[in-house]
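Opening the notebook on this one.

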Amino acid sequence: MHEFNPNEHPHRRYNPLLDEWVLVSPHRAKRPWQGQNEKTAEDQRPEHDDSCYLCAGNTRANGIQNENYTDSYVFENDFSALLSEDITYEPTPNPLFQFKPERGINKVVCFSPKHNLTLPEMEVNAIEKVIKTWAEQYIELGSHDFINYVQIFENKGSVMGCSNPHPHGQIWAQSSLPTQVDKTQKNLRAYYEVHKTSLLKDYLTEELVQKKRVVCENNHFAVVVPFWAIWPYETMIISKRHFGNIIAMNQEETTAFAEILKEITVRYDNLFETSFPYSSGIHQAPTDRVSHPEWHFHMHFYPPLLRSATVKKFMVGYEMLGEAQRDISPEQSAQILRELPSQHYKTKHT
């Protein structure tokens, strides 16, 4: 009989946000962070690309010309996944074939006019402007009576399906709660109703005591590798103060959020000395004009890289048919990220 070691023995971990389990198999990859640091084409881009639909002053595919913007820039997506028109329909009586129209608005947020400037390479005050743009859009989009949730996210890198290399994010605002948000809300609410406190507030308090999975922190936010993380270097930014959405942040918190956004993305880039791909997104209270004391502001980062700039984790086989699985413990990946320099590798080498 062996004594259990979470960094050696396979085990399952519970995700209280989604009410799901993840299989952890740390014995399969003792040192998955070793490997050749290949460079990718995304490390070498011009400051302005005349053929880019997102660069300042350029004309997009639909013939609309971008402003000569100097900070963050927002416009309605030319190829929206959602439409704002109100559609009448007859619901199907068959419970096995249910559908309903979904209304929404899609927007694109360019972080900077510079085609080659990603979030980790931006100055903190420039990232603050992006955050303020997100807050303005949360208010504007949420003011529509048919919008009940505003999802702010970024797909960084071609491996994440990003169709344009100009650093940008998206906002999808829609009439229904997306599936992952709905599951999160139900679990946050169930915890709040029992404990009268925020699940993530209590979770972060414990993480800050243990320190095992904390990557970095400042006075207002902490970055942790979640206890239940699925992706090799998955992290979550959690606010130390309990508030539900981005517009509840004061100026000091906005600056701190910008600082920690820069710090974790710099650490990501330093991991394999490449422009690190990920999908990230903010989870926050719906805009359904209902009080949501259960919600606690947080931001997820889901990066696919495992060993180098080109070796990725795929969700296949068991993950698609059984449940999520990872080959490095969250404690190990947190330690690796924690020990990385917070100065960008490009700056370090100049």
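**Ground rules.** I'm working from a predicted model, where local features need pLDDT of at least 70, side-chain atom pairs count only at pLDDT 80 or more, and totals for chains, interfaces and linings use all residues. Residues are numbered from 1 along each chain as its sequence is written, and side-chain values use heavy atoms, with hydrogens and water left out.

**Aromatic pairs.** I paired rings of Phe, Tyr and Trp (its six-membered ring) if their centres lie within 6.5 Å, calling planes under 30 degrees apart stacked, over 60 edge-to-face and the rest tilted. That rule gives 17 aromatic pairs. I looked up Tyr73 and Phe75: the ring centres are 5.7 Å apart and the planes sit at 45°, so this pair is tilted. For burial I used relative accessible area with a 1.4 Å probe and protein chains only: buried is under 20%, exposed over 50%, partly exposed in between. Tyr73 counts as buried at 8%, and Phe75 does too at 9%.

Next I took Phe257 and Phe297, with centres 5.4 Å apart and planes at 85°, so I logged them as edge-to-face. This pair links distant parts of the chain, 40 residues apart: Phe257 is in helix H4 (251-272), Phe297 in the loop between strands S10 (278-283) and S11. Both are buried. Helices here are DSSP runs (H or I, at least four residues), as are strands (E, at least two), numbered from the N terminus.

I also noted one aromatic cluster made of Tyr233, Tyr268, Phe272, Phe276, Tyr278 and Phe301.

**Helix H6.** How many of the nine residues of H6 are buried? Seven, so this helix (330-338) is largely enclosed by the rest of the structure. I listed them as Pro330, Glu331, Gln332, Ser333, Ala334, Ile336 and Leu337. They pack against S1 (11-15), S7 (214-217), S9 (235-239), H4 and S12 (325-326), contact meaning heavy atoms within 4.5 Å.

**Ser72.** I found Ser72 in the loop between strands S2 (20-24) and S3 (73-76). Leaving aside neighbours within four places in sequence, Ser72 touches Cys110, Phe111, Lys129, Val130 and Thr133.

**Phe314.** Is Phe314 buried or exposed? Exposed, at a relative accessible area of 53%. I placed Phe314 in the loop between strand S11 (298-302) and helix H5 (318-321).
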